[in-house]
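Please look over the sequence and the model below before reading on. The briefing that follows is arranged by topic.

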Amino acid sequence: MEFYFNKKIETMNRDDLDALVEERIKYTVKYACQYSPFYRKWFKENRIDSSDIKSHEDLRELPIITGKTLREKQPPETEDFEFKCVDWDDVYTIHETSGTSGAPKSFFLTWDDWNRYAEKYARSFVSQGFGQGDRVVVCASYGMNVGANTMTLAAQKMGMAIIPEGKCTFPVRIIKNYEPTGIVGSIFKLLRLARRMEAEGISPNESSIKRLVAGGESFAEESREYLEEVWDVPVYNTYGSTEGTMCGECVKKVGLHVPEDLVHLDVYDPQLENFVDEGECGRIVLTTLLPVGEKTGTLLLNYDTEDTTVVVSRDKCPCGRTHMRILNPQREAETVWVAGNPINRVDIEQGVFQRDNLDYLNGEYEAFLYGDEVETVMRVSMECSDPADCDGDMISENFIKSFFKFKPNLQQVYSEGTFKIIFNFTGPEGLEFYKIRGRPKRLIDRR
Ligand SMILES: [Zn+2]
């Protein structure tokens, strides 16, 4: 089995890769200026010559595009879709991403865009050990989100079979009848599936599954470890979005590889003014890179993903790939602030998934913040597998220990008594989020 999907590109040495990136930055910026109404106008109004943008540093001259910018530059706000770069005849599919607020954002993909997206997933799958002979159940939804469809197209390029379930609630007989070797889903869906299998007499750790791919949301390292224990297989992380990021962990699990030749990823400070220093946490800002001569339906330069990460390394990975690696991105929308300290949903998850807790908990949780100027109360609810036998004191203690481990300032506020944490335990399906449709919101600020 070939270990790389595109060996030449994936193992290109750093200097050649950087040169390729610069060549594509130049071409992509020129393309934007020629074919995107938004950029054509911008370059004209700012009297900047697109050929002056030559390198990664020069990208700072261009505006940062947010979801809001996209909404403001499409009907009904403007006459045309100003980020659309091709004629209607060249559009293959149209997508809308709903987001949490406001009108959906429109994306136009050409067949070339599909192939580039699929290549990114194919590289990621191959780096995780998938290949011909594998049968993979895709639990991600097919539809306006491009993820599931591009994975399916990637499988075609790899000679791999896909079982396009679209949801993780598929009948357990799928596992029995087709003996899939992998499943793509979110951590929680894969945990629930394992429980359903157990209930029907199939041990997840004795099933045909050889590896799992977790995606769709950020997660704590602890929850991955637990999922690996339950299934007794490696779990690999992926990070993807309609805007074109598709990063994936390889078998070495030392960060997610960014397909640097196709997407340029910068890490900015919170004010979005400058790059952070290497190794510091910041906002992911993406620029699509086009191979010279190719076209794209929607072009975004400097797109603010509202996710944060840290660059792990730009050195060659033990897997042989040279493309940079990043930490599991976290969603800024899942961060709340208490006395100037950030708390991300993943921090809560880490506290819940302390290993000893999982002898009593099923992993489902939610947290709410209440309070005023003076005092903040965080109420953490967790589901016990058996409420009659649940060691709440031990769980709370483990949670507190893990939660404050890297948050000394917050711990100070906690010991002063202006930040309180209270714990609540329920039985299975006892949490509030079950009453609300859609993806569970696990950290909600009610102040
Ligand atoms: Zn690697």
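Predicted model: local features only at pLDDT ≥ 70, side-chain atom pairs only at ≥ 80, totals over all residues.

- The buried residues of H11 are Gly392, Ile395, Ser396, Asn398, Phe399, Ile400, Ser402 and Phe403.

**The zinc site**

- The zinc ion has as its protein donors the SG atoms of Cys250, Cys317 and Cys319 and the NE2 atom of His257, which lie 2.1 to 2.3 Å from the ion.
- The site is tetrahedral, with angles of 102 to 114° among the 4 donor atoms.
- Along the sequence, the donor residues follow the spacing C-x6-H-x59-C-x1-C.
- Cys250 is in the loop between strand E8 (246-249) and strand E9 (256-257), while Cys319 is in the loop between strand E13 (311-313) and strand E14 (325-326), so this pair ties together parts that are 69 residues apart in sequence.
- Cys250 and Cys319 are both buried.

- An open sheet with mixed pairing is formed by 9 strands, in the order E4-E3-E5-E6-E7-E8-E9-E14-E13.
- At its edges are strand E4 (161-163) and E13, each of which pairs on one side only.
- Within this order, E8 and E9 run antiparallel and are joined by 2 bridges; Gly248 stands opposite His257 in E9, and His257 is also one of the zinc donors.
- Helix H5 (residues 111-127) lies across strand E5 (182-185), strand E6 (211-214), strand E7 (235-240) and E8, and runs at about 5° to E8.
- Helix H6 (residues 147-158) also packs on the sheet, where it touches strand E3 (135-138), E4, E5 and E8, and its direction makes about 150° with that of E4.

**The enclosed strand E2**

- In strand E2 (residues 105-109), 5 of the 5 residues are buried, so the strand is largely enclosed by the rest of the structure.
- In a regular strand the side chains alternate between the two faces of the sheet.
- E2 is joined to E1 by 5 bridges, and the two strands run antiparallel; His95 stands opposite Phe107 in E2.

**Backbone details in loops**

- The peptide bond from Pro75 to Pro76 is cis, with omega near 5°, and Pro76 is found in the loop between helix H4 (67-72) and strand E1 (93-97).
- Ala339, although it is not a glycine, has a positive phi of about 50°; Ala339 lies in the loop between strand E16 (335-338) and strand E17 (341-344) and is exposed, with a relative accessible area of 58%.
- Glu429, a residue other than glycine, likewise has a positive phi, near 60°; Glu429 lies in the loop between strand E20 (419-426) and strand E21 (443-445) and counts as exposed at 62% relative accessibility.

How values were computed. Residues numbered from 1 in each chain as written. Heavy atoms only, no water. Donors = N, O, S within 2.8 Å, 3.2 Å for Na, K, Ca; no water. Tetrahedral: all angles 85-135°; square planar, octahedral: opposite > 155°, others 65-115°. Helix = DSSP H or I, 4+ residues; strand = E, 2+ residues; numbered from the N terminus. Buried < 20%, exposed > 50% of the residue type's maximum accessible area, 1.4 Å probe, protein only. Pairing = 2+ DSSP bridges. Contact = heavy atoms within 4.5 Å. Axes fitted to C-alpha atoms, helices over the stretch in contact; angles between N-to-C directions.
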